[in-house]
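Subject: Handover of a structure and its findings

Dear colleague,

Please find below the structure that I am handing over to you. My findings follow it, arranged by topic.

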Amino acid sequence: MKVRQFASIFALVFLITVQKGFAQSEESILGVWYNTEKTAKVQITQNGKEFMGKIIWLLEPERNGVPAMDDQNDDEKLRKRPLMGLTILEGLQYKNGAWKGGKIYDPKSGNTYSCEIKLLNTDVLEVTGYMGFSWIGRTVEWTKAKD
């Protein structure tokens, strides 16, 4: 009897796991996502096989009466570009259940990092930015915007 119960539970867990894996497709990250702090919305789109994301909303779109600028950028020539509309994700490609091989730009620090994104569920992205090795980096969660 216990063997049958174990087999039934195992089969149920297996089916749920398989169903979850099939529910995800490479287009699953398309749409609008809040950053971790909910101070910006990033729209992720697809161009061919590559995915990119740009800022489409800011909690504080202006600073001192002028549009918020990319003033932390290491490149002085780029410090005058507005954050609104700025592409911060680029070059991501879907492979083995994750979006990899791209770059993410952090306007707060002015740094660009290698990037990997995983879909935790339909409403949460795990976004990892790193230099060198993916296990040495920072991981944050973005949530799907419902607007």
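Which residues lie nearest the centre of the largest pocket? They are N35, E37, D106, P107 and K108, which belong to a lining of 30 residues.

Before the details, a note on the basis of this work. This is a predicted model, in which local features need pLDDT of at least 70 and side-chain atom pairs count only at pLDDT 80 or more, while totals for chains, interfaces and linings use all residues. Residues are numbered from 1 along each chain as its sequence is written, and side-chain values use heavy atoms, with hydrogens and water left out.

The pocket

The largest pocket holds about 750 Å³ of space. The elements that contribute two or more residues to its lining are β2 (40-47), β3 (50-58), β7 (98-106), β9 and β10. A pocket is defined on a 1 Å grid over the protein atoms alone, as an open set of points where a 1.4 Å probe fits, with protein on both sides within 12 Å along at least five of seven lines; lining residues have an atom within 4 Å of a point. The volume is the space filled by probe spheres set on the points, which are joined across faces, edges and corners. Sorted by class, the lining comprises 16 nonpolar, six polar and eight charged residues. Here Ala, Val, Leu, Ile, Met, Phe, Trp, Tyr, Cys and Pro count as nonpolar, Asp, Glu, Lys and Arg as charged, and the others, Gly among them, as polar.

The chain

The protein chain has one helix and ten strands, and from the N terminus on its elements run α-β-β-β-β-β-β-β-β-β-β. Helices (H or I, at least four residues) and strands (E, at least two) are DSSP runs, numbered from the N terminus. Of the 147 residues in the chain, 29% are buried. Buried means under 20% relative accessible area, exposed means over 50%, and partly exposed lies in between (1.4 Å probe, protein chains only).

I29, in the loop between α1 (2-23) and β1, is one of the buried residues, at 0% relative accessibility. The C-alpha atoms of I29 and K118 are 8.7 Å apart, although 89 residues separate the two along the chain.

Salt bridges

How many salt bridges does the structure hold? There are five, a salt bridge being a side-chain nitrogen of Lys or Arg within 4 Å of a carboxyl oxygen of Asp or Glu. Three of them are described here.

K108 is exposed, at 58% relative accessibility, whereas E37 is partly exposed, at 40%. Both residues are also among those nearest the centre of the largest pocket.

Another joins R81 and D70 (2.9 Å, N to O). R81 and D70 both lie in the loop between β5 (66-67) and β6 (87-95), so the parts tied together are eleven residues apart in sequence. R81 is partly exposed, at 28% relative accessibility, while D70 is buried, at 0%.

A further bridge links D123 and K146 (2.9 Å, N to O). Because D123 is in the loop between β8 and β9 and K146 in the segment after β10, the pair ties together parts that are 23 residues apart in sequence. D123 counts as partly exposed, at 30% relative accessibility, and K146 as exposed, at 62%.

F133, W135 and I136 form a nonpolar surface patch, with about 400 Å² of accessible area together. Such a patch consists of residues with over 30% relative accessible area and no salt bridge, with nonpolar side chains (Val, Leu, Ile, Met, Phe, Trp, Tyr) joined within 5 Å and like charges within 9 Å. Accessible areas come from the Shrake-Rupley method with a 1.4 Å probe; for residues, only the protein chains shown count as cover. I136 is located in the loop between β9 (124-130) and β10 (137-144) and is partly exposed, at 43% relative accessible area.

Finally, N64 has a positive phi of about 55° although it is not a glycine. N64 is in the loop between β4 (62-63) and β5 and is exposed, at 83% relative accessible area. N96, which is not a glycine, also has a positive phi of about 55°; N96 lies in the loop between β6 and β7 and is exposed, at 69%.

With kind regards
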